[in-house]
Structure formats: C-alpha cells, structure tokens
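Please open the model in a viewer and keep the selection panel at hand. The stops below are given in the order in which they may be selected.

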Amino acid sequence: MRLQKVTSVPPQAERVWQVAIHPTLPLIATASSDKTARIISLQTYNSLSTIEGGHKRSIRSVAWKPGLTGESVLCTGSFDATIGIWRRYENDLDAGNGDPGDDEEEEEWRFALVLDGHESEVKSVAWSAGGNFLATCSRDKTVWIWEEIDEDNFETLEVMQEHTQDVKCVTWHPEEVLLASSSYDNTIRLYREGFEDWVCCSLLEGHTATVWSVEFEKPASPGYREEWGSRLASCSDDLSIKIWTRTSRSGSAAEAKKAPPSILRGESIEENWVETSTLPQIHTRAVYNVSWSPRSGRIVSCGSDGRIVVYEEIPAVDTEMAEGDEKKPPKTEWKVMAEIEGAHGVFEVNCVQWSKRWDKNAGGENDEIIVSCGDDGVVSIWELADT
Amino acid sequence: MSAILSADDLNDFISPGVACIKPIETLPAAPEPPASNSYEVVLEDKAPRTDLPPAQISLTDCLACSGCVTSAEAVLVSLQSHNEVLANLNAHPEKLFVALISPQSKASLATAYGVSIDVAGHMIERLLCSPEGICGEGRGFDFVLDTNAAREVAVRFAAEEVVTAMQGGKDGVDGRKMPILASACPGFVCYLESTQPALIPHLSMLKSPQAILGTAVKSLLYNDVKDGVKGIYVVGVMPCFDKKLEGARGELTSGAWVEGEGEVVRDVDCVITTRELISLAQARGVDFATLPQTPPLLPPSNTTSTLLQTLKSPTNPTTTATKTNATPGTSDGYLIHIANHILTLHPSSTLHIEPGRNSDTIDYVISTPENTIARLSRCYGFRNIQNLVRRLKPAKTRALPRFGKASATTSQRKPLAAARQAGGKSDAEYTYVEVMACPGGCTNGGGQVRYDDEIIASGLGAGTQKEWLGRVDEAYYSSTEDEESGKEDAAAQGGEWVERFVEEWEDRTGVSRDKLLFTGYRKVENDLGGRLKEVSVVELASKDGGGW
C-alpha cells in the first residue's frame, strides 16, 4: 500500500503544531504559531472559520470537548501560558459544506474564558473521555487537572509535579479516568484519582530521549484484546515508537487475591505497565506524533524527518502464555504498511491523526483518512491506496 | 548549597520560573580566547565558555525578581543554612545567640524521636544551649524561645484586624479589600507579590509569629548588648524553606523600628528548617536522640529582658479556645481564633462547618438565624490557592479578549457572564481566608522530617508521607490540647496577657505597635517581558527546557 495525498488545505501564515479531529462532526481544528486556530471541514476540506484574538503567543495545542450535542467547545493551549475555552452552537453545521466563504460563520465562535495558572508555555491540552476533566501540561514541569463545576467556571483539581522536566503531552484513556503524560525527562507517567488527590499510579521508563506524544488504544480497535488490557503507544526523540500494555491494576479481582489487604498502605491504586512492542524504526529524526486508529487498529507516525509512516500489527498466534501464575501479554510484531518521505516538502511534520472519511469519496463507516500538519503551515489529507 | 535542599525535599509546590533574571544580567561576555588558528571562525553560540565566574544568587536577589516564584533547588541559599549558623557561632562568640522554635518543628522532631512535643522542646534547648549539645564543641546559643507565645500575639491581632475590616463592609477599610488573606505563609506572600499583585490589598498586614518574635528579641535586647542590634544573632527553626525568604525580606529589619541612621540588620538573621537543625547537631557531632529529655538548667542571664521571659513562660493560657469543636488546623490556628472572636462579639451566632472538595479547603460560616455574619475559609496547597486566586481576581484581568467581529459577539456573551455571576458563591462574601502554600498546612512544610528520613528512630517509621503526617499532626495538636485544658475563658485571659505584653513592649522600646507588629508588601515587577523580546525568550526556551 502507499500513502496518497487527497488534498492540501491552503497554508496558514505560520507552522501548524497540531490538528484535532472533532469527536462527532466532520471538523478539524488546527493549532498554529500564527496565534490562531482554524476550523476546517472534513467534507469539503475548506477552511470554515478562524479563531483568533485570544492568545498572545503560538497556540500549541487544541482539543474538542467530547460528549456534547448542539454545541462545540474547543480548548486551546498557548505558549502565552494560558488556556482558552471557545464555544459555538452547531445548529447549522450541515450547512458547513455549502458556502465556505460565508463570513457569518466566524462570528459564532465565542471566547468563553481564559484559564491561567501555568508559569510557562502550555504544551498540550486534553479532555477526559466524558468531558468532565480537562488536563493541561506545560514547560513548568506540571500537569494540571481542571473540572468545569458549572458552565464556564473551572476549578483546579490538582497540580502534579511528578515530571522533572518540560511536559510535552497529556492524553486520557478512552474509557477510564486515567491520564497519561510524557516529558522531556524521557518518562511517561499515568495518573488516577485517589481518595482525595490525584496520584501518579505508574511510571513508564524505557525511552532514552524526550517522549513527544502518547496515545491509548481505543477499545473499538480490532487489535484490542480484553484479556491483555489497555495499551498505550508512545513516540520519542530516540526515534522509536513503543507499545505498552497494562499487566495489572490493583482493584482488579486477580490483584485482590494476590495481595493481602494492608491497613498501612491504604487502598493502593498502582498499575503495572510493560513494554510489549517496538515498532520498526523508519524515522531518522525525532518522532513527534503517533495516532492509533479505532477503525483499522493501524498506527501512523510523523516526525522531524518529514516522513509519515503507517504500521500494522501482525496478528499474534494465540499461544497459551499463562505459565504458572505469571501472565505476560504477548510481545507482538508490527510491520510497515506504507511510508512517504517529504510529506510536507522540506518541512517537519508535527502531527498526524486518523479520521473517519467524510468527503464525497467516502466508502462507508470504516473508511478512513490521515490528517497531517507541518512547519509549512499546511494541513494535508492522505489516503491509503492499494497500488 | 545545603546538601539536603534538593528538588525531592521541596514539596511546597513552587518551582523555579522560566528564567531567572540574575544570570542574564550578570553573565559577562566570554573573553576572546587566544586563537590557535586565526582564520578559524568561531560562531557565537560555539564560543568556549571558559573563565566565567559562577553566578552568585542570594535570597535578596530572588525576592527582587519574579523570574522564580520563590525558593527552589536552583537558588543558592548558602546564606541561610546550618553551616551559616555554625560559621557565625564560631566567628562572633561575643554576640548574643537566640533561637526561635516553631511548634511544627517540635512536632516533627517529637514524632521522629518518639517523644512528646514538650520533651522535644527540652531536647532542642539542650541541643542549642547545653554542653551535652552543640556547646560541647564550641559556642552555642544563649537562649531558645518558642514561637507559640508570638503566635498568640499574632492570632489576637489577626482577629482584631479582621473585625475592623468587617466594619468597612464589602470594601473593607483603609483601602483594604475583603476577604483578608493570611500573610503568615511566606510562600503565598511571595507568590502574590510576584504573580498576583492585584491581590496584595487583601493580605493581612500582620507579621508572622517568627517575624514578631524576631522583632521582639532585637528591640527588647539591643540596648543591653554590646554593638546594639548588630550584637544579636537570631535564628529561626521553621517547618519550611520559604521562611528563609521571609527572613530575608527588606521590610523585616531593624530599619522598620530603629529611629535614625545606623546599620540595618534583619530581625531574624538566619532561618534553618527542622531537618537542618538535625544537620546542625550532626555537624557538631551531637546525636539528637541521646540528648537528656529534661529542660537544661541555664545560668540566669542578666541580659535577657524580663519581658522576653514572659514569652518563654509555659503558663500562658492559649487563646486557641474551645468554643468550637473545629480543629485549629496545622498552621497556627488563625482561622479558629478569628472565628471564636467573632462568635464572642455576636453571642447569638453559631458556627457551621462546610467541608470543601478536599480536606485542604473548608469553609467556616458564622451566622445567626437571620443572616450570615462571616464566612471564613481554610485554603491549603497550590491547587486550592489557584481556585482562590482565580475567584478573587478583579474582573478586568479576566476580561475576555475580543474575537472576530465584536459587534456580533457582545450580545451573546452577556448571558454567559450572567450565568457565571449566578453560578457558585461569589468570594466577595468571604471575610477571611487562612491560606498556606503547603497541602496539609505548616506541619507538612518542605523543611520537616519526611516519613522516609534516616534519622527517624527505628520502629517509628511510616509507610507513607500521609500516614507520617497524621502522626506529626497528632503531636502538634497534643500541645494545644494540653494548654487548653480547663480554661473556659481562655480567650479572654489570653487577650489580656497579650495586651499587657504589647503595651509594655511599646513602653520599653518607645515604638508603636504599628511598627512592631505590622508590615507591608510590594509588587515585585516582572520585567522579563520588557527586557527580552519574545525571540530571545524562545531561544532561552529551546536551550533550557529541551525545546518545544
């Protein structure tokens, strides 16, 4: 298979850091150095509106709030150390493919509020699966968890200083209230809500350089296997992409039997995660982003070398792994399905995301595309072609 | 830099800022190295950085800059360490050495060595003043004071300040803004001064117990010692590193209360943490655990002011009275004392406790059946401070940037703003907030003995910091309970004692209580933005934090 460009959206003035796919609607949001976020239609690939005026420096990260109907809420994280919350009613969204040049569209985005508190650049923002919690991380080494207690009134639930360096990425588990963060300190950390505080419940070490981004596997993914539990993909400056699998968590029945209850330790919420795969190394420079498709189970990566690479898991032979009490998830192999060099010309590719295909050539619910963005300010759409 | 001051030990949740102004200002340009090859082009960023002197950063520099919020592992606190204390003991044996011990420090050591908090106090006195302690190997301290007495002075005047401010209604009086925020936590004070200056008018003007006691020692004794204010060396033993910053504040010096010219000295010369006190003992070869558990018999000192001796006397009734069953909290009990005071002024009122989202945020509402008289709140830890600050910020700084075409958006924004006003309680109704930077309050200060410290007597260790902290809190509360026992009208008695003390203090020194007990704050300018263009910040960022 090969990666084939469907189209490119005319460039923004400066580099695009990130693209975020709307959870239900055919929309992309971009985060750009030009201090704006742009909304692009996934039906026509036209630019619908531009969100601007809220930030003094680059918008580094954007995230759509899930679980809403009739309204879209976008969160923007900026190098100006603040986080913006924007709202827009979606009653006329179906008209979005009609007249892209319509200026009226733009005015419907309302700047709802600004969240400050971080001491330096915000690097990543993410909503939890139900949209109850917002996580943000920053170069100030902290990860913050916010909760919207009533409309447009956010409270800081926790400020976590577990990382020793710049925190690059935060992402939530697709179903559980479990947060992952990755950092310039080469580690990945996972957090859960404890009795009263949010606590770090797992530390994933193995990368030898900055971990640029992390993403959990969605349970809908064909490769997801209930018995082996959740998986997490991570990509790093050390050129590698790793898959981590949860082997145990306290609270689960198996764990409860093993460990006698301890009054001293209270209820432990620790989790054990092990590295179970390393994807073939194609990238020759830092890998900036990975995205794990819920439709095909494929992983796509991009990086500083300008490449976009698609990987597929080789189905594991169902061998009986349980020997004695130690159950270990199988180590699976991944193969490269397609790759393209110079996806954005000579520029670095900052982010790639899988999306359902919504355009006129869409072939059913499981048809998918890849959205990429780069230092050239361009957002490109890719499809996997058979030849 | 003190060996124990490391990132691991700091749990006051305040980290170094993006960029400290100090290195940027002082690093000299690298001298041109003798060229081995005169045709070689040396790029600026590859120029060898040899011969650069190490940057010197003092706490005073840090107070003048908001590049860092407060003390952090990067700050060289060489001027506020146990080594500095030892150096002064050795170099200036002629001075009068006084140590001020916080009750939280005593609670921490009591838990670590398995003794009662009173015994821990005796052992500290033995350590600092007796031959079994550090005096065995050189100069020691002349006497030790407990900050408990100063705490009673502080809570008494804190209550007065709040009640006076309440009379001004929503806007307070004398430009003060409601709610009044406790100023005893230097971490929080520095945070407000450098990052939230708009909230400075909320800060209580009252000095902390450490500062009050420091001022008392120097102002009452300097006429009796050779060299005046310079002849006294005061050391605070405190639960957190941020107290070092308080000690270094320009506002808290003899300049605030000595008339005329003359050298200005700090009211508290040096602050060490609880853990550093043990390092001090170890440096003089003393094992704290083996110290006698009885108070030392000190030779009567004729230089010690009799008025100060009243501060030392353990028979002072505490003002942390028992009108309520509420725990006084781990941070000197400001809130509870103020609540009791307001309850006394309004005999028909009752106190109602409203737990918050976590144990570090609790509301205390004083009301009569008809109306609410006061709402007080406890707010510990950075996450809760963030919520407090966000709600207190003037509307202006939360003003929404214009987006798109303004005309169309204005009308739509109104309902949102209205919803925000209606939703949740406005903080304007708060009367007082006991704010502390550390989660769990002062017993959990970054300078305390941690649960996994090697000095903890065998068998006394705890599995987690949380469990450990529970025991320290228990020890801390045990002392206040002892003092409270059987004192129905303790508040009134304590009030009288404090009033007599302060009057006599004013008489002896000829200085008004405004100068002895109160202090001020100032905005710390963050001029990073002015001095550095965004480009250079970006360059700095990519060098320092690993890029984007």
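Begin with chain B, whose domain assignment gives domain 1 as 59-151 + 207-314 + 484-527 and domain 2 as 155-205 + 319-397 + 414-444. The model is a predicted one, and the selections that follow should be read accordingly.

Colour the two domains of chain B separately and display their interface. Here 32 residues of domain 1 are in contact with 28 residues of domain 2. The area buried between these two domains is about 2,700 Å², and carbon and sulfur atoms give 62% of that area.

Next, show side chains across this boundary. Three salt bridges are counted between domain 1 and domain 2 of chain B. Select B:Glu193 and B:Arg522, whose side chains meet in a salt bridge with an N to O distance of 3.6 Å.

Now hide domain 2 and look at the side of domain 1 of chain B that touches it. The elements giving two or more residues to that side are α4 (103-113), α9 (242-247), α16 (490-509) and α17 (513-517) of chain B. Of these, select α16(B), which gives the most, with six residues.

Finally, move to chain A. In cartoon view, chain A has one helix and 28 strands. Of its 387 residues, 59% count as buried. Among contacts in chain A between residues at least 6 apart in sequence, those joining residues at least 24 apart make up 58%.

How values were computed: Residues numbered from 1 in each chain as written. Chains lettered and ligands numbered in written order. Predicted model: local features only at pLDDT ≥ 70, side-chain atom pairs only at ≥ 80, totals over all residues. Heavy atoms only, no water. Domains from an automatic or database assignment. Contact = heavy atoms within 4.5 Å. Buried area = accessible area lost by both parts, 1.4 Å probe. Salt bridge = Lys/Arg side-chain N within 4 Å of Asp/Glu carboxyl O. Helix = DSSP H or I, 4+ residues; strand = E, 2+ residues; numbered from the N terminus. Buried < 20%, exposed > 50% of the residue type's maximum accessible area, 1.4 Å probe, protein only.
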